[in-house]
Amino acid sequence: MEHFQDHLLKGCLYFTANQLARSITKLAEDEFRITGLSPTYAFLMIAVNEKQGISQKELGEVLHITPSTVTRFIEKLQAKGLVYAEQKGRMSLIYSTDKGKELQPDIEKAWLNLYDRYSNIIGEQTGIELTEQLFQISNQLEGKHK
């Protein structure tokens, strides 16, 4: 017999979304171990490798994180020798070092491995549909209606 609390947790978007986040985070961290970076840092590296001279503001918008968090991430990646910043007026522009550029193939491999891993568990089509739905729902909850 299902307890009320079990029914409540299964029917609650908040708890279900957090459970999903914890599960996918664990899978992602396992796959990104080959890069020496967390998935979020790796995504930041993709953005910088794709657009050399990207502003901190743009990085925050791409990653949906606050400016102070972007600054902290960049400082950590600078300490690892993966990026450097140049001031252009009041803007700080971020560039990859050679070491940061060389990491790109491992980052791409980790993303593909993560995709394959969860696709094998939940099915590729389910993964695609769930990702699209979660993206749309997140935008709706943030007031960014399509």
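This is a predicted model: local features need pLDDT of at least 70, side-chain atom pairs count only at pLDDT 80 or more; totals for chains, interfaces and linings use all residues.

Let me begin with α3 (39-50) and α7 (residues 104-122), which pack at an angle of about 125° with their axes 10 Å apart; axes here are lines fitted to C-alpha atoms over the stretch in contact, with angles from 0 to 180 degrees between N-to-C directions, and helices are DSSP runs of H or I of at least four residues, numbered from the N terminus. That makes α3 oblique to α7, the class left over once angles under 35 degrees (roughly parallel), over 145 (roughly antiparallel) and 65 to 115 (roughly perpendicular) are taken out. The contact, meaning heavy atoms within 4.5 Å, is made by Pro39, Ala42, Phe43, Met45, Ile46 and Asn49 of α3 with Gln104, Ile107 and Trp111 of α7.

Residues are numbered from 1 along each chain as its sequence is written, and side-chain values use heavy atoms, leaving out hydrogens and water.

Turning to helix α2 (residues 13-32), its axis comes within 9 Å of that of α7, and the two cross at roughly 140°, which makes α2 oblique to α7 as well. On the α2 side, the residues that meet α7 are Ile24, Leu27, Ala28, Asp30, Glu31 and Phe32, and among their partners in α7 are Ile107, Trp111 and Arg117.
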